[in-house]
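My notes follow the structure.

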Amino acid sequence: MLTEMVRSSQSDDTYIFETLRATPLLRDLADPVLHRLTTISKIVNTPEDVEICRQGDAAGELIIVVSGQLAGFSTAPNGTVAVVEIIRAGETLGLATLLARLPRLLGVRTVTPSSLISRMQ
């Protein structure tokens, strides 16, 4: 679902590394760990109203919101949709389901144009 921006220069790696370092969840990791995460990550730029993941899909990646805003929503069996979470810059998406190897608990869409860092599958 996410369209990747091809890494074109060393500056992209530096940008990803610095963004990972600034993310509260990751800020205490050692530099070698962050460098490894940088090599398996990509920058993704998405316009408004793009589906990032579907409720019930396998959680295969951690996503960090660099800029923009995402909405996490739940769809009931009768089709009713409710926004249950707003995900903002600096926050992560999918860690709990990734670690627990559970399907995505929420569907997620961009509310505004957004820049994300995603771990490659």
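The model is predicted, so I noted the limits: local features need pLDDT of at least 70, side-chain atom pairs count only at pLDDT 80 or more, and totals for chains, interfaces and linings use all residues. Residues are numbered from 1 along each chain as its sequence is written, and side-chain values use heavy atoms, with hydrogens and water left out.

**Strand pairing.** I find strand β4 (residues 69-75) antiparallel to β7, with 4 bridges. Strands are DSSP runs of E, at least two residues, and helices are runs of H or I, at least four, numbered from the N terminus; pairing requires at least two DSSP bridges. β7 (residues 107-110) is also joined to β2, by 2 antiparallel bridges, and there Cys53 is partnered with Val108.

**Cores.** The largest nonpolar core has 10 residues, among them Cys53, Leu70 and Val108. Such a core is a set of buried Ala, Val, Leu, Ile, Met, Phe, Trp, Tyr and Cys residues joined through side-chain atoms within 4.5 Å. β2 (51-53) and β3 (63-67) are the elements giving two or more residues to this core. A second, separate core of 9 residues includes Leu20 and Ile117.

**Thr19.** Is Thr19 buried or exposed? I record Thr19 as buried because its relative accessibility is 14%, where buried means under 20%, exposed over 50% and partly exposed in between (1.4 Å probe, protein chains only). Thr19 lies in helix α1 (residues 10-22). Leaving aside neighbours within four places in sequence, Thr19 is in contact (heavy atoms within 4.5 Å) with Val66 and Ile117.
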